[in-house]
Amino acid sequence: MPPTPPALHGPEFEADPHPAYRWLREHDPVHRVDLPGGAWAWLVTRYDDARSVLADPTMLKDPRRADETWYRAGLGLPFDHRPSLVRSMVNVDAPDHSRLRRATSAAFSPRRVRALEESAERIAGELVTTLAKEAEPDLVRDLAYPLPIAIICDILGVPETDRPEFHRQAAVIDSSSPDEHEAIGAATDWFDAYLGELVEARLRTPSDDLLGDLVEAHRAGGLTRDEVTSTAFLLLVAGHETTVALIGNMLLLLLREPEELARLREDPALVGPAIEEALRLESPLQNATWRFPAEATTVGGVRLEAGEPVLVSLLAAGRDPRRYEAPDVFDPRREASHLSFGHGAHFCVGARLARVEARLAVTAVLERLPGVRLAVDESELRWWPSMIMHGLFALPVTFDRGAV
């Protein structure tokens, strides 16, 4: 056994974190990891432990329950603790969590998702048609990024005239490194002000979109003003980033596996199962967002004190050989659940929509880009340097243009 655990940061880890997580699962499955600003956290890497922590109601989500070291380090997403942006369901516990989840779930009802699916199918087709004309097409820049941000804008009712700046500011949060606090802070300031203005507009003129629903709940006394803007911001940061990463990771897996790509092109009904396998194998969430024990507890034989920060590694849990046979193999025909959308009370409320967007994006590529393949060596691809997200900055491709 190596004398020290492998590094959990740096370009080598970002490009391929799986060997490090394999070591931790075997030798130190509940591992104390150092974080920026002098903070640290417990990192849980085995499937059974991960599932247990995610379902445990005593593992609290409210950052105010964290120990002082974590809080002083300014961690969290997007490294900002202002009430107008963090009082969403991802950062609160029962009973507030249930109340906020009910208010948001209507946006992702089967009826609304079906309506959004029509829009997403049209947008995905238009995006792939446009990127096919690019000299150097990029499946992240030209498809995985703009598709979900367009849907988020639809959900929130962002006016068409505001969308270019909305896109630009979202890109800052998405693509900045964790140490780029100034850039992230400026973009966060913009969204704080913009979402506040959007709420004021809904208070003056009701609308038939999610933000309109949230504002009506606020008007009726069911939500605070901070909870309205925080929920809107959550959709941007959590809903958008994860879908970008899911689409990019899924497409990369198919480019690595041309036989699977050909099989999906012949039978589009297989795209759905392939997405579930991609979620397991290359989870867009590297680690679930922070949890803090309400009281001292034991996880995987390790004692955790109240308030000590806990990260659940969804990426590591998805390849645990105790749960999955041949866990490193991309096999869309396997029948096994995964934790990539979470588990328990905090299961992702937008999971249905994320799956729809990923399916439509992949299908559009299969239908409109014959012979699609990587345009660079895979070693040249760059991954986000994030403790939470696991996704690509870019995915340049080429294809058989004469066959279009």
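Helices and strands here are DSSP runs, a helix having at least four residues and a strand at least two, numbered from the N terminus. Keep in mind that the model is predicted.

**Stop 1: the whole chain**

Show everything as a cartoon. The chain carries 17 helices and 9 strands. Its radius of gyration is 21 Å, close to the 22 Å from the globule rule for 404 residues, so the chain is as compact as a globular protein of that length. Along the principal axes, the C-alpha atoms fill a box of roughly 65 × 60 × 40 Å.

Of the 404 residues, 53% are buried. Take the contacts with a separation of 6 or more: residues 24 or more positions apart account for 71% of them.

Colour by charge next. There are 44 positive and 64 negative side chains. The centres of the two sets lie 4 Å apart.

**Stop 2: helix 12**

Select residues 210-219, which form helix 12. Which of its residues are buried? They are L210, L211, G212, L214 and V215.

Look at the ends. D209 caps the N-terminal end of helix 12, with a side-chain oxygen 3.2 Å from the backbone nitrogen of L211. Just after the helix, G221 takes a positive phi of about 90°.

**Stop 3: R256**

Move to R256, in helix 13. Is R256 buried or partly exposed? Its relative accessible area is 32%, so R256 is partly exposed. Show the side chain of E378: it makes a polar contact of 2.6 Å with the side chain of R256. Beyond neighbours within four places in sequence, R256 is in contact with E282, E378 and W383. Then select R373. R256 and R373 are 117 residues apart along the chain, yet their C-alpha atoms are separated by 8.6 Å.

**Stop 4: D62**

Finish at D62. Where is it? D62 is found in the loop between strand 3 (59-60) and helix 4 (68-72). The relative accessible area of D62 is 11%, under the 20% cut-off, so this residue is buried. Display R64 as well: a polar contact of 2.9 Å joins its side chain to that of D62.

Methods. Residues numbered from 1 in each chain as written. Predicted model: local features only at pLDDT ≥ 70, side-chain atom pairs only at ≥ 80, totals over all residues. Heavy atoms only, no water. Buried < 20%, exposed > 50% of the residue type's maximum accessible area, 1.4 Å probe, protein only. Polar contact = N/O pair within 3.5 Å; in protein donor to acceptor, adjacent residues only side chain to side chain. Rg over C-alpha atoms; globule rule 2.2 N^0.38 Å. Contact = heavy atoms within 4.5 Å. Lys, Arg positive; Asp, Glu negative; His and termini not counted. Charge placed at Lys NZ, Arg CZ, Asp CG, Glu CD.
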